[in-house]
Amino acid sequence: MSAIDDLPPLRAVIAAHGLSARKSLGQNFLLDLNLTAKIARQAGNLSDTDVLEIGPGPGGLTRGLLSEGARKVLAIEKDARCLPALAEIADRYPGQLQVIEGDALDIDPLEHLTPPIRVAANLPYNVGTELLVRWLTPPTWPPFWQSLTLMFQREVAERIVAQPGSKAYGRLAVLSQWRTDARIVLSLPPDAFTPPPKVSSAVVHLTALPAPKFDADPAVLSRVVAAAFNQRRKMLRAALKGTAPDIEDRLIAAGIKPTDRAEQVPIEAFCALAREVAKG
Ligand code: SAM
């Protein structure tokens, strides 16, 4: 396999900077640069695009994104130990890599980015779902990003792309598939990482649709879906009792059987129900 750049191999970078992996920061590193370049390619054409990366660590995916031609990468990393290694990458790609030290949950990256913007990350597992939900529920749609290319534990990836009728189908599937096209594009075994995590992983690619697939108020839809899946074993007429008066009539008006459970309801029907609930 050919080298993707002329920087040292990641094992050497980790040894030189003493980057022993810390579990508390969700550190499972990707050391195969051909694999990180492959993940970067899943993010689409990067040449005229700024890329937001969360958790660059020693910089494997960062190097993949830059070697695949990203116009600029803005990388947010909580672990200060990684900064010298990332500075070496910034020197190799002048003006193309900006690193911010800090917690991605507290930092607004938008002032440092120019559209079009894509997000790509091998996410720290402890904050991955929270970041995804934030990116999927912005104040206005379309969002600031064109696409999200994100590594998750396989089980979380399956919840994002799950279809009605399956155990994995829930709030994450509805939130994701209402306004994006979401696909699993790569599966990775534990031994792709150093140290290997206990479970398999998968990369999910979500493309923002210009408009939602079905009309609904985002806040009402979110409330209805959260209530429905919070008590997913209950019939909807019981699970949604506190959501609106006459909920049984509204379920019927939305074309949903009040005795159905949340798991059986397609996104289109949840949107119809949100419209009925919004009538007040
Ligand atoms: N991107 C690297 C790779 O693929 O090898 C590292 C991935 S590792 C799974 C997750 C990275 O996220 C670590 O570098 C960790 O320090 C960083 N991290 C953890 N929590 C974070 C947070 N709240 N904000 C920003 N970075 C965080």
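**Chat notes on a predicted model**

Colleague: Is Asp-246 buried or exposed?

Modeller: Asp-246 counts as exposed, because its relative accessibility is 51% and the cut-off for exposed is over 50%. Keep in mind that this is a predicted model.

Colleague: Where is the place of Asp-246?

Modeller: In the loop between helix 9 (236–239) and helix 10 (247–253). The backbone is worth a look there too: phi of Asp-246 is near 55°, which is a positive value in a residue other than glycine.

Colleague: Staying with the backbone, which residues does a cis peptide bond join, with omega about 0°?

Modeller: Pro-115 and Pro-116. Pro-116 is found in the loop that runs between strand 4 (97–101) and strand 5 (117–122). A cis peptide bond also joins Trp-141 and Pro-142, with omega about 5°.

Colleague: And where does Pro-142 lie?

Modeller: Pro-142 is in a loop as well, the one between helix 5 (125–136) and strand 6 (147–153).

Colleague: Back to Trp-141. Buried or exposed?

Modeller: Buried, since the relative accessibility of Trp-141 is 17% and the cut-off for buried is under 20%.

Colleague: Changing topic to rings. How many aromatic pairs does the count come to?

Modeller: The count comes to three aromatic pairs. In one of them, the ring centres of Trp-141 and Trp-145 are 5.8 Å apart and the planes stand at 90°, so this pair is edge-to-face. Trp-145 is buried, with a relative accessible area of 2%.

Colleague: What is the geometry of the pair that Tyr-169 and Phe-229 form?

Modeller: Tyr-169 and Phe-229 are edge-to-face, at 5.8 Å centre to centre and 80° between the planes. That pair links distant parts of the chain, 60 residues apart: Tyr-169 is in the loop between helix 6 (154–161) and helix 7, while Phe-229 belongs to helix 8 (residues 218–230).

Colleague: Buried or exposed, those two?

Modeller: Tyr-169 is buried, with a relative accessible area of 1%. Phe-229 is buried too, at 10%.

Colleague: Which residues form one aromatic cluster?

Modeller: Tyr-169, Phe-229 and Phe-270.

Colleague: Next, helix packing. At what angle do helix 5 and helix 7 pack?

Modeller: About 40°, with the axes of helix 5 and helix 7 (residues 171–179) 10 Å apart. The crossing of these two helices is left-handed.

Colleague: Which residues meet there?

Modeller: Helix 5 brings Thr-129, Leu-132, Val-133 and Leu-136, and helix 7 brings Arg-171, Leu-172, Leu-175, Ser-176 and Arg-179. By class, that contact has five nonpolar, two polar and two charged residues.

Colleague: Last one, Asn-28. Where is its place?

Modeller: Asn-28 sits in the loop between helix 1 (10–17) and strand 1 (29–30). Asn-28 counts as buried because its relative accessibility is 17%.

Colleague: What does the side chain of Asn-28 reach?

Modeller: The backbone oxygen of Pro-195, at 2.8 Å.

Colleague: Which residues is Asn-28 in contact with, leaving aside its neighbours within four places in sequence?

Modeller: Asn-28 is in contact with Asn-122 and Tyr-125, and with a run made up of Phe-193, Thr-194, Pro-195, Pro-196 and Pro-197.

Note on methods:
Residues numbered from 1 in each chain as written. Predicted model: local features only at pLDDT ≥ 70, side-chain atom pairs only at ≥ 80, totals over all residues. Heavy atoms only, no water. Helix = DSSP H or I, 4+ residues; strand = E, 2+ residues; numbered from the N terminus. Buried < 20%, exposed > 50% of the residue type's maximum accessible area, 1.4 Å probe, protein only. Polar contact = N/O pair within 3.5 Å; in protein donor to acceptor, adjacent residues only side chain to side chain. Contact = heavy atoms within 4.5 Å. Axes fitted to C-alpha atoms, helices over the stretch in contact; angles between N-to-C directions. Left-handed = near helix turned anticlockwise from the far one by under 90°. Nonpolar A, V, L, I, M, F, W, Y, C, P; charged D, E, K, R; others polar. Phe/Tyr/Trp six-rings, centres within 6.5 Å; stacked < 30°, edge-to-face > 60°.
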